[in-house]
Amino acid sequence: ALAVHEEMGKVDAGFATTMGATGLAIKPVLIAGTPEQKQYYADIVTNGKFAAFCLTEPNAGSDAGATKTTAVLDGDEYVINGRKCFITNGGIADVYVVFATLDKSKGLKGITAFIVERNRPGVSTGKEEDKMGIRLSNTCDVLFEDVRVPVANRLGAEGEGFKIAMKTLDLSRPYIGAIAVGIAQRALDEAVKYSKE
């Protein structure tokens with residue numbers, strides 16, 4: 001898989017990032033999902049759909065401990081409210097893994113992960129970022145306004161979200177490195193080609 005990401009990076013870093021982000025959003029499900037959740041998620045992405053990993057927030061950056069997106073249990077559903085930013089595939093994903101806090105007073109131990117489908121009422125996206133590079137990759141805000149998801153969409157136990165997010169990021173870093181190696185190889189190839197002209 002790393003060699004595939006390297007080759008994609010060599011051709012177009014935006015395409016590689018789009019594919020890599022879907023892989024990133026699969027990892028939390030593989031880490032903490034039930035067999036039913038894994039099958040459900042796999043059925044979405046193996047049928048040509050994209051996925052996104054929704055962790056970063058406007059005032060939290062990559063500091064998951066500062067998560068302001070909330071999830072409140074209401075019967076057999078959670079109600080999610082908040083805004084995520086700089087979400088790769090945010091505007092094209094059919095399914096998200098969303099990190100929200102159930103109890104802000106618990107800090108990192110209050111964060112929980114959820115599978116949230118794009119077509120749920122209350123899910124919307126903001127303006128696409130006008131990036132300087134990697135432009136083929138879609139990046140935008142994802143907003144959640146009274147989005148109701150069943151308890152069956154929770155990944156792992158309540159309060160395990162931060163641990164799931166960190167394990168996910170640890171697993172994804174080699175893929176980012178592979179894309180960077182592909183970009184570097186392409187740059188070298190182009191430089192050699194140009195020097196011969």
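Buried residues are those under 20% relative accessible area; the legends below use the term in this sense and refer to a predicted model.

**View 1. Aromatic pair between strands S4 and S7.** Tyr 96 and Phe 144 are both buried. Their rings form an edge-to-face aromatic pair, with 6.2 Å from centre to centre and 85° between the planes. Distant parts of the chain are linked by this pair, since Tyr 96 belongs to strand S4 and Phe 144 to strand S7 (residues 139–150), 48 residues apart.

View 2. The aromatic pairs come to three by count. In one of them, the ring centres of Phe 53 and Phe 99 are 5.1 Å apart and the planes stand at 65°, so the pair is edge-to-face.

**View 3. Crossing of helices H1 and H2.** Helix H1 (residues 2–11) and helix H2 (residues 13–32) have axes that come within 6 Å and cross at roughly 145°. On H1 the contact involves His 5, Met 8, Gly 9 and Val 11, and on H2 it involves Ala 13, Phe 15, Ala 16, Met 19 and Gly 20. Six of the contact residues are nonpolar and three polar, with no charged residue.

**View 4. Lysine over a tyrosine ring.** The charged end of Lys 27 is placed over the ring of Tyr 175, at 4.5 Å from the ring centre.

Technical notes. Residues numbered from 1 in each chain as written. Predicted model: local features only at pLDDT ≥ 70, side-chain atom pairs only at ≥ 80, totals over all residues. Heavy atoms only, no water. Axes fitted to C-alpha atoms, helices over the stretch in contact; angles between N-to-C directions. Helix = DSSP H or I, 4+ residues; strand = E, 2+ residues; numbered from the N terminus. Contact = heavy atoms within 4.5 Å. Nonpolar A, V, L, I, M, F, W, Y, C, P; charged D, E, K, R; others polar. Phe/Tyr/Trp six-rings, centres within 6.5 Å; stacked < 30°, edge-to-face > 60°. Buried < 20%, exposed > 50% of the residue type's maximum accessible area, 1.4 Å probe, protein only. Lys NZ or Arg CZ within 6 Å of the ring centre and 35° of its normal.
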